[in-house]
Amino acid sequence: MIGIKPFDVLTFGDGKPFNATERVFRESGFFINPIPIISGLNKAAGKKLNLEFISLAKGENLYFKAPIDIKVANNRVIKPVVRKLDNVITEENLEYFLDYQTSEKMEDLNGYLKDEEYIKYLKDEEISANTELLRPYKELRTGIAIDRSTRTTKEGHLFTQTFIRFEEDVYFYVKPSEDLNIDTVIVGGESRLSVIIKKDKDLTERLLKEKENIKNIVRKTGFFKLILLSPTNKVLEIEGAKIIAKVLGKPFIYSSWIKLPNDKTGFPTRIFRLIPEGSVIYYKVEDKSKIDEIFDKYYLKPAYYELEYPYFDTKNPTGFGLSIIGALNLNKGGQG
């Protein structure tokens, strides 16, 4: 496991082709995007790697996008009660709905939640409204396109772009498929340099230690929720379980650049419609003999996706579809 710390701001494109003569403004959004990370590592290492884990980190703590099924109202965290629908047929034939038991205006708990608090969520415990959150912020800059052959500016190619910046000590925490002996890596647009932080301690240990505890709760209740830690391309039917409800973030359009062997220029991939991190899918266990298998496959593993070249490939996991499993007690819920 290694840390990747940007020296400066990061650039994340909006997934649309950009030409400074046609578009004078370029928006940079932020989500846990493993593609710039794995591309930078591949180039630095001189080989093709897989990415088994990715998150934000600060100090010795991991941070994950706050699940969007928990809300905030008047400085209180509100989590829903999951109720069964009686004599109601929904569009997707889902059996349950989320009842927040309040008429107050609610908002998402926007930001990235510290692993200590995230564990409380996974164990279906209360989360404080005053918990620490990481939030990326945007920085507006003006630039001009450069002619790479002459290293001079291009006339008429002035543009404005937003960049992403985090607090000083925030970094990406990743687990490549092989140990690497590199010191720097280029990540994201505009060839931004990042430094490699060697990590001897596995920061995922806190979460891994809770795996059996959460699994035991699932055995007792017969329900669980799967939370996306990185985007994916589809909500999955899981063998031995049935989808009963879901809370998905707004899908977004994504494309990137791909190079085939002996290809010097590369080409853009097809457009993907991705489900964002923080989305939550609720399941009812229908075969308890499958619980171990479900946890082994989807608890802190990048496996929650439908096969789709080039990013969603079991032989070449890029870090999309990273998920974790949380406990779900239908007799609990409500206001924190």
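Colleague: Which residues does T232 touch, not counting residues up to four places away in sequence?

Modeller: T232 touches R273, L274, I275, Y304, Y305, F312 and G321. Each counts as a contact because heavy atoms lie within 4.5 Å. The model is predicted, with pLDDT of at least 70 required for local features and 80 or more for side-chain atom pairs, while totals for chains, interfaces and linings use all residues. Residues are numbered from 1 along each chain as its sequence is written, and side-chain values use heavy atoms, without hydrogens and water.

Colleague: Why does T232 count as buried?

Modeller: Its relative accessibility is 0%. Buried means under 20% relative accessible area, exposed over 50% and partly exposed in between, with a 1.4 Å probe and protein chains only; T232 therefore counts as buried.

Colleague: What lies 2.4 Å from a polar atom of the side chain of T232?

Modeller: The backbone oxygen of Y304 does. A polar contact is a pair of N or O atoms within 3.5 Å, one able to donate a hydrogen and the other to accept it within protein; residues adjacent in sequence count only if both atoms are side-chain atoms. The side chains of N33 and Y254 also make a polar contact, at 3.2 Å. N33 is buried as well, because its relative accessible area is 5%.

Colleague: What makes the residues with the most contacts inside the largest nonpolar core part of a core, and which are they?

Modeller: They are I4, L41, Y283 and Y304, in a core of 85 residues. A nonpolar core is a set of buried Ala, Val, Leu, Ile, Met, Phe, Trp, Tyr and Cys residues joined through side-chain atoms within 4.5 Å. Apart from this core lies another, of 10 residues, among them F31, I35, Y254 and Y305.

Colleague: How much space lies in the second largest cavity, and what makes it a cavity?

Modeller: About 60 Å³ of space lies in it. A cavity is a set of points, on a 1 Å grid over the protein atoms alone, where a 1.4 Å probe fits but cannot get out; lining residues have an atom within 4 Å of a point. Points are joined across faces, edges and corners, and the volume is the space filled by probe spheres set on them. The lining consists of I70, V77, K79, Y121, D124, E125, E126, I127 and K225.

Colleague: How do the residues of this lining divide?

Modeller: There are 4 nonpolar, no polar and 5 charged residues. Ala, Val, Leu, Ile, Met, Phe, Trp, Tyr, Cys and Pro count as nonpolar, Asp, Glu, Lys and Arg as charged, and the others, Gly among them, as polar.

Colleague: Does N74 count as buried or exposed, and why?

Modeller: N74 counts as exposed, because its relative accessibility is 60%. N74 sits in the loop between β5 (71-73) and β6 (76-79), and has a positive phi of about 50° although it is not a glycine. N75, in the loop between β5 and β6, counts as exposed at 51% relative accessibility.

Methods: On a 1 Å grid over the protein atoms alone, a cavity is a set of points where a 1.4 Å probe fits but cannot get out, and a pocket is an open set with protein on both sides within 12 Å along at least five of seven lines; lining residues have an atom within 4 Å of a point. Helices (H or I, at least four residues) and strands (E, at least two) are DSSP runs, numbered from the N terminus.
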